[in-house]
Amino acid sequence: MHDPSISALSLRLQRARRITVLTGAGVSAPSGIPTFRGPQGLWRSHRPEDLATPQAFGRDPQLVWEWYAWRRKHIASCEPNAGHVALARWSQVLPCFTLITQNVDGLHERAGTSGVLRFHGSIWHLRCWDRCGIEPWRDDRVPLPELPPRCPACGGLARPDVVWFGEPIDHRVLDQCQAALDCDLFIVAGTSSVVYPAAGLLDVAAARGAFTVEINPEATDASSRVNLSWRGPAEQVLPLLLDPGP
Ligand code: OAD
């Protein structure tokens, strides 16, 4: 696909000194992982307040864990797609590149990107519900041997190390993201840009002087706030940007 706008964006990417990308569920959609708000979105068939809040876990940890165990099993059967692979290549060849993701699925890491800033945590990590002091730990066994799983330090309940509605973002992740917003080029891909504070990162980057780009097949809340709104699937657009072709 030769397109003059793709070539212009590609040039911008290659000339930028510092690039930051924020991804959302749409980047993993072509891998077969459902988004949250589309026609087949998870929040169409499940109520977030029953499954993705600390109150829900406090009421019924078994139910919440069954939902996460189902998602972990499904994600384990999915593979990174061309969008993940393109971003992994960017992380290897661009000197100052940061990838922030709202996705908890770990597919960016599986594609080969290291140092991913996981804004909403990781479905493959657990932490102690009672905050006994142990650091979050990775447990990618599918299925988990015990549901709900237990904290190896105190024996209390373990929870998924993800951000639920009403919970703050990990301050260490937030600090690293803030630093990455001092960039020349900020790209948001595959997110509806309705969930804050993630959706607000774009505005901070723009206020600090970044050229802002959205990649999404549909218009979103961010479309009117970016310098360039590119309508297209991330798995097709992202691979073209380092190599736009003849
Ligand atoms: P959403 O489900 O809200 O939005 C997914 C976006 O991806 C939509 O704008 C789609 O148009 C777009 N999309 C679909 N296919 C695409 C493709 N092939 N290429 C590019 N874009 C595509 O998902 P998020 O914005 O990621 O939070 O949701 C944000 C947060 O809301 C999630 O991290 C999750 C959820 O509640 C927590 O769990 C805390």
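**Ligand site**

I began with the ligand: 23 residues surround it, the closest being Phe 36, Arg 37, His 120, Thr 191 and Ser 192. A residue counts as near when one of its heavy atoms lies within 4 Å of the molecule.

Before going on, I noted that this is a predicted model, where local features need pLDDT of at least 70 and side-chain atom pairs count only at pLDDT 80 or more, while totals for chains, interfaces and linings use all residues. Residues are numbered from 1 along each chain as its sequence is written, and side-chain values use heavy atoms, with hydrogens and water left out.

Next I looked up polar contacts (pairs of N or O atoms within 3.5 Å; within protein, one must be able to donate a hydrogen and the other to accept it, and residues adjacent in sequence count only if both atoms are side-chain atoms). I found a backbone N or O atom of Gln 102 at 3.3 Å from a ligand oxygen. For His 120, a polar side-chain atom sits 2.8 Å from an oxygen atom of the ligand. For Ser 192, a side-chain N or O atom is 2.5 Å from a ligand oxygen. Taken alone the ligand exposes 790 Å², and the protein buries 89% of that (Shrake-Rupley areas, 1.4 Å probe; for residues, only the protein chains shown count as cover).

**Helix 9**

I moved to helix 9 (residues 171-180), where Val 173, Cys 177 and Ala 180 are buried. Buried means under 20% relative accessible area, exposed over 50%, partly exposed in between (1.4 Å probe, protein chains only). Helices are DSSP runs of H or I, at least four residues, and strands are runs of E, at least two, numbered from the N terminus. I then checked the other face: turned away from the buried side of helix 9, it carries the exposed residues His 171 and Asp 175. At the N-terminal end, I saw Asp 170 as the cap, a side-chain oxygen lying 2.7 Å from the backbone nitrogen of Arg 172.

**Helix 7**

For helix 7, I noted Asn 81 capping the N-terminal end, with a side-chain oxygen 2.7 Å from the backbone nitrogen of Gly 83. Gly 83 is itself buried, along with His 84, Ala 86, Leu 87, Ala 88 and Trp 90.

**Asp 139**

Where is Asp 139? I found it in the loop between strand 5 (137-138) and strand 6 (158-162). Asp 139 is buried, at 9% relative accessible area. Its side chain makes a polar contact of 2.8 Å with that of Arg 141.
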